[in-house]
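Let's take a walk through this protein, from its surface to its inside. Have a look at it first, and then we'll go step by step.

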Amino acid sequence: ALPILAGMALGIQQRFSPEVLGLCASTALVWVIIEVFALLLSLYLVTVQSDLTTFDLLAYSGYKYVGMILSVLSGLMFGTDGYYVALAWTSCALMYFTVRSLRMKILSTMTADGIGTGGSHNTRNRLRMYITLAAAAFQPLIIYWLTAHLVR
């Protein structure tokens, strides 16, 4: 849906070319792959033992496309002000959702590791919280990066 909406947005602005559809789809796919691998690598390096699978991380990283579509649609209907309002709203909602969801999955292993039993556990727990916050904070940046050129 995002490449089609991008084509429509660029067509309205008289900037459409057929290559844009493929470029938009492949760019979005590459960013999802990079994001999932970065999360898998960071969870591996911090030695998080959770029931998160690659498909779970792929699903969590896919929620940003809802925000992208809403932001671009708002930008088409209400101009750049509408785009930035929708971007702020969807970014906040997505960050809240991501922190709440990943916190339950990633930080739930804190009790299994033993909270407060040593300095290394506190450091590892802090790193787990940072991973959760970084994953949430990265979402709005990707949304903006992939959609800002579509609304002028």
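Predicted model: local features only at pLDDT ≥ 70, side-chain atom pairs only at ≥ 80, totals over all residues.

Helices here are DSSP runs of H or I with at least four residues, strands are runs of E with at least two, and both are numbered from the N terminus. Residues are numbered from 1 along each chain as its sequence is written.

Now for the inside. Thr132 sits in helix α6, residues 119–147. Is Thr132 buried or exposed? With a relative accessible area of 2%, Thr132 is buried (buried means under 20%, exposed over 50%, and partly exposed in between, using a 1.4 Å probe and protein chains only). Contact means heavy atoms within 4.5 Å.

Follow the chain on to the segment after α6, and you'll find Leu150. Leu150 is buried too, because its relative accessible area is 1%. If you skip residues up to four places away in sequence, Leu150 touches Ala6, Ala9, Leu10, Gln13, Arg15 and Val72. Leu45, on the other hand, is 105 residues from Leu150 along the chain, and their C-alpha atoms are separated by 37 Å.

Ile12 counts as exposed because its relative accessible area is 55%.

Methods
Heavy atoms only, no water.
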